[in-house]
Amino acid sequence: MSARALSQSSTASDLISLTKPRLSLLVLITAAGGMFLAPGPFTPVRALVTLLATAGTVGAANAFNCYMERHSDQFMARTRNRPLPAGRMDPNTALWFGLSLAAVSLPALVLGANLLTGVLGLIALLSYVLAYTPLKARTSAAMLVGGIPGALPPLMGWTAVTGQVDAGGFALFAIMFLWQMPHFIAIALFRKDEYAAAGLKSVPLERGDESSRAQVVLYLVAMVPMTLLPFQLNISGTWYLATAVVLGLGFLGLGAWGFFKHLGKAWARQTFAYSLVYLAVLFVVMVLDRVPRG
């Protein structure tokens with residue numbers, strides 16, 4: 001392969017990395033879940049356009065985030081090799097890439113789904129870039145703000161089909177919002193030193209480890225009953241209900257174990273890993289056990 005081809009390949013790879021592909025994949029899975037669970041007809045073409053536009057919107061938000069945090073990213077092991085902190089890409093390239101993605105994706109959301117879904121996509125983008133990202137350096141409450149754009153994708157999938165925000169869509173939003181809290185706190189616990197070096201605020205840095213473990217338990221106490229709503233709203237069936245109860249009690253037990261035993265980084269990593277498996281299994285079973293619509 002020529003040097004020019006290698007350079008082009010490297011640039012393409014760096015541009016893709018700005019979208020944070022693993023995070024974007026998780027978002028797409030939840031958006032697709034919301035779309036499939038929603039009552040109403042939806043053609044494969046519209047579904048594909050909506051998911052691609054959602055991916056583009058999320059990718060744009062992540063590219064803006066990389067641009068805005070390019071200096072603090074140098075101090076964290078998981079981010080220091082990104083294109084901007086590593087010096088492989090001009091910051092303006094990342095900025096224009098994010099603007100281009102947003103300019104294409106948001107109108108595509110409106111055309112592929114509907115105006116409401118496009119508005120929700122715009123809210124997700126703006127709240128992530130203009131509120132959550134700058135607040136991370138000022139207060140740990142940024143976690144709550146960041147939970148909003150993180151929870152919107154399954155609701156967007158729902159509204160793409162129904163054209164409205166109703167109880168079912170809200171239930172998916174609430175589950176995602178509450179799930180993010182113990183997930184984020186777990187990350188902040190085992191990466192506390194990196195957050196401090198980068199100048200980013202977190203619950204462990206502002207409130208301490210004990211308060212962080214207590215908050216994990218409190219959020220899980222709120223989340224577990226919320227995961228029962230898809231069964232109560234006749235979205236998913238009894239297999240989902242059983243799965244939600246077992247997984248939820250396991251998550252809550254893990255959180256309580258860490259709180260009462262005053263556990264540290266190893267427990268936080270286990271909690272983080274469990275949170276990922278938990279969400280994936282919960283949504284898969286929710287979709288597989290979807291209650292057929294008449």
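Predicted model: local features only at pLDDT ≥ 70, side-chain atom pairs only at ≥ 80, totals over all residues.

Q: Okay, what domains is the chain divided into?
A: Domain 1 covers 13-139 and domain 2 covers 166-293; such bounds come from an automatic or database domain assignment. Their C-alpha centres lie 22 Å apart.

Q: How many residues of each are in contact?
A: 17 residues of domain 1 are in contact with 20 residues of domain 2, where contact means heavy atoms within 4.5 Å.

Q: And how many residue pairs are in polar contact between them?
A: 3, with both residues at pLDDT 80 or more. On the side of domain 1 that touches domain 2, there are 9 nonpolar, 5 polar and 3 charged residues. Here Ala, Val, Leu, Ile, Met, Phe, Trp, Tyr, Cys and Pro count as nonpolar, Asp, Glu, Lys and Arg as charged, and the others, Gly among them, as polar.

Q: How many salt bridges across that interface?
A: The rule finds 0 there. A salt bridge is a side-chain nitrogen of Lys or Arg within 4 Å of a carboxyl oxygen of Asp or Glu. The overall count comes to 7.

Q: Which residue does Arg 88 form a salt bridge with?
A: Asp 14, with the closest N and O atoms 3.0 Å apart. That pair links distant parts of the chain, 74 residues apart: Arg 88 is in the loop between helix 3 (44-68) and helix 4 (91-112), and Asp 14 is in helix 1 (residues 3-18). Helices are DSSP runs (H or I, at least four residues), numbered from the N terminus.

Q: Is Asp 14 buried or exposed?
A: Buried, at 8% relative accessibility, whereas Arg 88 is partly exposed at 40%. Buried means under 20% relative accessible area, exposed over 50%, partly exposed in between (1.4 Å probe, protein chains only).

Q: Switching over, what does Arg 213 meet in a salt bridge?
A: Glu 210, at 2.7 Å, N to O. They're 3 residues apart in helix 10 (residues 209-226), so about one helical turn separates them.

Terms used: Residues numbered from 1 in each chain as written. Heavy atoms only, no water. Polar contact = N/O pair within 3.5 Å; in protein donor to acceptor, adjacent residues only side chain to side chain. Helix = DSSP H or I, 4+ residues; strand = E, 2+ residues; numbered from the N terminus.
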